Amino acid sequence: MAERNIVGIGGGGSSEEETRRLVAHAVGLTGKKQPKVSVVPTAVADDADLVLSVFGLLPEGARPSFVPFFPWPPEDLRRLALDQDVIFVSGGNTANMLAIWRVHGFDSILREAWEAGIVLTGWSAGMICWFEAGVTDSFGPELDGMRDGLGFLSGSACPHYDTEERRRPVYQRLVEGGFPPGYAADDCVALRFAGTELAEVVSAREGATAYRVEPGREQRLEPRSLP
């Protein structure tokens, strides 16, 4: 079986350079000088500005494209996805995104891509969607738990842990109440899973890190600093 990598990014950095380093880390896992990278902006209804902004963050040599779902996905959706080296999922409304993917069978295509060794990555919604559960504002302005993720990775995830003041208390309360334990990531931090196991935590900003969150316990995970 091909090496399987999922890189969940807690959120972009406060500077373009910080965010660029996180994206370069994920794309660099392909080992290719000209990797094919497809952006999936379903969570923001295929917003063109977001697509262009992600294109601008890609390393030199990367060959960008994007997978549209509005007004409908391309007929050759599976072929397009499986022809990539990296699939990058944007932030936005996670619940809406997952619902649209499932209607069109893209959830199964993504699993096939992962098992084929295509790197799956993204931030915010693009971090939590790979897990069984996540902390989201998909249902309104208040944060809540969602147990409807793709389930490639077990447990739960929470992005923006250091930049949105309600993230930490809400996630801890949910886990204390029976929500699946999991991982929280500050902005500027990425967690790489090799297969289904956490392989490393990397950070593009000093002091930013990730945590393992369980009932009554929050364990800091020391990151490797990205150059």
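The legends below describe several close-up views of one predicted model. Residues are numbered from 1 along each chain as its sequence is written, and side-chain values use heavy atoms, with hydrogens and water left out. Because the model is predicted, local features need pLDDT of at least 70 and side-chain atom pairs count only at pLDDT 80 or more, while totals for chains, interfaces and linings use all residues.

View 1. Helices (H or I, at least four residues) and strands (E, at least two) are DSSP runs, numbered from the N terminus. Two strands pair if DSSP finds at least two bridges between them. Strands of a sheet pair through backbone hydrogen bonds, either parallel or antiparallel.

View 2. Contact means heavy atoms within 4.5 Å.

**View 3. Strand S10 between S1 and S11.** Strand S10 (residues 189-194) and strand S11 (residues 197-203) run antiparallel and are joined by 6 bridges. On S1, 5 bridges join that strand to S10, again in an antiparallel arrangement. Ala-194 has Glu-197 as its bridge partner in S11, and Asn-5 stands opposite Ala-194 in S10. Ala-190 is paired in S11 with Val-202. The hairpin of S10 and S11 has 2 residues between the strands, and there Gly-195 takes a positive phi near 65°. Of the 6 residues of S10, 5 are buried, so the strand is largely enclosed by the rest of the structure. Here buried means under 20% relative accessible area, exposed over 50%, and partly exposed in between (1.4 Å probe, protein chains only).

**View 4. A salt-bridge network around Glu-200.** Arg-192, Glu-200 and Arg-224 are linked in a network of salt bridges. A salt bridge is a side-chain nitrogen of Lys or Arg within 4 Å of a carboxyl oxygen of Asp or Glu, and by this rule the count comes to 15. Side chains of opposite charge can pair when their charged atoms come close. The side chains of Glu-200 and Arg-192 meet at 3.0 Å, N to O, and both residues are buried. Between Glu-200 and Arg-224, the closest N and O atoms are 3.2 Å apart. Glu-200 lies in strand S11 and Arg-224 in strand S14, so this pair ties together parts that are 24 residues apart in sequence. Glu-200 has a relative accessibility of 19% and counts as buried, whereas Arg-224, at 39%, counts as partly exposed.

View 5. Lys-32 and Asp-85 meet through their side chains in a salt bridge of 2.6 Å, N to O. Lys-32 lies in the loop between H1 and S2, and Asp-85 in the loop between helix H3 (77-82) and S4, so the pair ties together parts that are 53 residues apart in sequence. Lys-32 is partly exposed, with a relative accessible area of 49%, whereas Asp-85 is buried at 11%.

View 6. Ser-38 belongs to strand S2 and is buried, with a relative accessible area of 2%. Its side chain makes a polar contact with the side chain of Ser-65 (3.2 Å). A polar contact is a pair of N or O atoms within 3.5 Å; within protein, one must be able to donate a hydrogen and the other to accept it, and residues adjacent in sequence count only if both atoms are side-chain atoms. Not counting residues up to four places away in sequence, Ser-38 touches several residues, including Phe-66, Val-86 and Phe-88. Val-51, in helix H2, is buried at 5% relative accessible area. Leaving aside neighbours within four places in sequence, Val-51 is in contact with Pro-41 and Phe-66.
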